[in-house]
Amino acid sequence: MDKKVRKVKMTNQQMNTDVILIGAGVMSATLGTLLKQLAPEWNITVFEKLDAAGEESSHELNNAGTGHAALCELNYTKELEDGSIDMSKAISVNEQFQVSRQFWSYLVEQGLIKNPEDFIMPLPHVSYVQGEDNVRFLKNRYETMIQNPLFKGMEFSDDLEKLKEWLPLMMENRTAGGEPLAATKIDIGTDVNFGALTRMMFENLEQQGVDVEYNHVVEDITRRPDGRWDLKILDTKNNIRKFQSAKFVFIGGGGGSLPLLQKTGIPESKQIGGFPISGIFMVCNNPEIVEKHNAKVYGKAAVGAPPMSVPHLDTRYIDNEKSLLFGPFAGFSPKFLKTGSNMDLFGSVKPNNLVTMLACGAKNMSLTKYLVEQLVQSKEQRMEELRSFIPDAKEEDWELIVAGQRVQVIKDTPEEKGKLQFGTEVVTDEAGTVAALLGASPGASTAVHVMLDVMNRCFPEEMQEWEPKIKEMIPSYGVALSENPELFKEVHEATSKSLKLTK
C-alpha cells in the first residue's frame with residue numbers, strides 16, 4: 001500500500017446481484033461458465049484485483065501446465081507394507097480430469113471457446129526412476145495400473161535402448177551397466193495452457209453479459225441478517241470505493257482466498273491456516289535441445305519434500321512456441337500471491353488458528369529444513385539436480401523463472417491438530433451461501449469436478465433440476481468411468497476428437 005494518504009471517493013450506490021465470483025482465475029472461470037449454462041438468467045459479477053484474467057496461479061508460466069490425470073505423477077500411488085499398490089488416489093484424479101475434458105469438449109462443440117489447440121496439446125506422460133528399489137516399485141505400479149481401463153496403453157521399460165527411443169535427450173551418452181533406470185510411458189497425456197483457457201472462458205462470459213470488473217480489490221465481506229453478503233470493494237484504477245450485495249459468493253482468489261474467507265467470519269473458517277510455498281523453474285528455449293524432448297517426465301520427490309516439489313522435465317507449448325521446463329525448486333515468500341503483500345502470512349494468523357499453525361510447525365521440521373536447503377541453492381546446485389534427468393545439461397542453456405505462489409492448507413482434523421494438506425480444499429458455510437477454494441495441485445486440472453462439488457453443496461435443490469443439462473455437458477456425470485470401460489472409451493474418443501488431440 002502507498003504510504004501517502006490517498007483520498008478515496010465513495011459511492012453510496014448499493015449494487016445487487018445473484019452471484020459474485022472473487023478472482024478471475026480458472027476456478028471462477030469454470031464456475032461462472034457452468035452457471036451461465038445452467039442458469040442463464042442469473043446475474044453474475046466478477047471482481048479481480050489485477051488488470052486481466054488468469055494472471056496469478058492460472059497463468060501459463062506460474063504452473064507446470066500438466067493435465068493432471070495421474071498418468072505419471074508417482075505421488076498419487078502408494079506402495080503398501082504388503083507390497084501392493086494403492087491406486088485409489090490415481091483413479092480419483094484421473095476420473096476428475098476426464099470430467100474437465102468432457103466439459104472443455106462441450107464448450108468447443110458449442111462454439112463457446114474456439115481453437116482448442118491454443119490451450120491443450122497431446123503429449124506423452126512418463127514416470128522415470130533411478131535405483132533398484134525404485135525400478136521395482138515402478139514395475140509393480142505399472143502392473144497394477146495397466147489392469148484399469150483408465151490407464152490402458154501404459155508401457156514399462158528398463159531397457160536402455162527403449163528408453164533412448166522414448167527419452168533421447170535424457171538418455172544421451174548413457175551406457176549400459178550404470179545405475180538401474182526405468183520408465184513408464186503413456187501417450188494419452190496432455191499439456192494444458194490454463195492461462196489461455198481461463199482467458200477464453202472469461203471472454204465468452206463477458207459476451208454473455210457477465211460483469212467482469214478488473215482492478216477491483218475486495219476489502220471486506222459481511223453477512224446481512226437476511227443471509228445475503230455485502231462486499232466492500234476498492235476500484236484501484238479510479239480510486240472509488242463501491243458496495244455490492246449478492247446471494248452467493250465464491251472466493252476463488254488463489255492464495256488470496258484464505259484472508260477473504262477469514263473475513264466472512266463463518267464457523268467453517270476457524271482453525272484453518274495457510275503456509276505459502278513458491279516455485280522456481282528452469283526454462284530452456286534453445287531449439288536444438290528443445291526438439292530432442294517430447295514428453296512430461298515426472299520423477300520421485302526427495303525425502304522430506306512436499307508433493308508439489310516432485311521433479312519433472314516438461315515439454316511446454318505456450319503461444320504455439322515449444323520450450324522445456326524443469327523443476328520445481330521450492331522457494332519461500334510470506335506473500336500469498338505473487339502480487340501480494342509481505343504481511344500476508346502474518347496477517348492470516350488469528351487467535352482461532354494460532355494453535356493450529358504452531359502444531360503444524362512443530363510437526364513439519366523436515367519440511368522447514370527442506371525449504372531452507374532449497375532457498376540457499378545456487379544455480380549450479382540446481383543444475384546438478386537437472387543433470388539427474390539430463391546428464392549433459394549446460395548452464396548457459398537454462399534460465400530461472402519464479403512460478404506462482406501456492407498456499408498449502410493447515411487445518412485441524414479428527415485425527416490430528418494442525419495437519420498440513422497438499423491437495424485442493426473447498427470450504428462452504430452451512431447454508432451454502434459462500435464457498436472458498438484453498439490449496440494447490442491437482443487444482444486447475446480438476447476444476448470442473450471441484451466446481452460441481454461447490455454447486456452440489458451450495459445449490460442442492462437446483463442441481464436436481466440441472467442434472468439433465470449437466471449430463472449433456474458431461475456424459476459421464478455420476479458414473480465411475482473406471483468401472484465402465486465402454487463409456488470411458490466412448491467419451492475419451494469423443495473428447496480427443498473435439499479437442500483435436502488425435503491426428
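Tutor: Helices (H or I, at least four residues) and strands (E, at least two) are DSSP runs, numbered from the N terminus. Pro 328, for instance, lies in strand E17, residues 321-331. This is a predicted model, where local features need pLDDT of at least 70, side-chain atom pairs count only at pLDDT 80 or more, and totals for chains, interfaces and linings use all residues. Residues are numbered from 1 along each chain as its sequence is written, and side-chain values use heavy atoms, with hydrogens and water left out.

Student: What is the peptide bond from Gly 327 to Pro 328, cis or trans?

Tutor: Cis, with omega near -5 degrees. Most peptide bonds are trans, and most residues other than glycine have a negative phi.

Student: Which way does phi go for Asp 319, positive or negative?

Tutor: Positive, about 55 degrees, although Asp 319 is not a glycine. Asp 319 is in the loop between strand E16 (312-318) and E17.

Student: Why is Asp 319 called exposed?

Tutor: Buried means under 20% relative accessible area, exposed over 50%, and partly exposed in between, with a 1.4 Å probe and protein chains only. Asp 319 has 61% relative accessibility, so it counts as exposed.

Student: And what makes Lys 500 partly exposed?

Tutor: Its relative accessible area is 49%, so Lys 500 falls in the in-between class. Lys 500 sits in the segment after helix H15 (485-498), and its phi is also positive, near 60 degrees.

Student: How do you know that Ser 278 is buried?

Tutor: Ser 278 has a relative accessible area of 7%, so it falls under the buried cut-off. Ser 278 belongs to strand E14, residues 272-284. Contact means heavy atoms within 4.5 Å, and not counting residues up to four places away in sequence, Ser 278 touches, among others, Phe 329, Ala 330 and Gly 404.

Student: What makes helix H7 mostly covered?

Tutor: Six of the eight residues of H7 (257-264) are buried; Leu 258, Leu 260 and Leu 261 are among them. Just after H7, Gly 265 takes a positive phi of about 75 degrees.

Student: Why is H2 called roughly perpendicular to H14?

Tutor: H2 (residues 88-109) and H14 (residues 460-473) pack at about 85 degrees, with axes 8 Å apart. Angles under 35 degrees count as roughly parallel, over 145 as roughly antiparallel, 65 to 115 as roughly perpendicular and the rest as oblique. That makes H2 roughly perpendicular to H14.

Student: Which residues make the contact of H2 and H14?

Tutor: Gln 102, Phe 103 and Tyr 106 of H2 meet Lys 469, Glu 472 and Met 473 of H14.

Student: How do you know that the charged end of Lys 300 sits over the ring of Phe 137?

Tutor: A charge sits over a ring if NZ of Lys or CZ of Arg is within 6 Å of the ring centre and within 35 degrees of the ring normal. Lys 300 is 4.8 Å from the centre of the Phe 137 ring and counts as sitting over it. Arg 382 sits over Phe 329 too, at 5.5 Å from the ring centre.

Definitions and conventions
Axes are lines fitted to C-alpha atoms, for helices over the stretch in contact, and angles run from 0 to 180 degrees between N-to-C directions.
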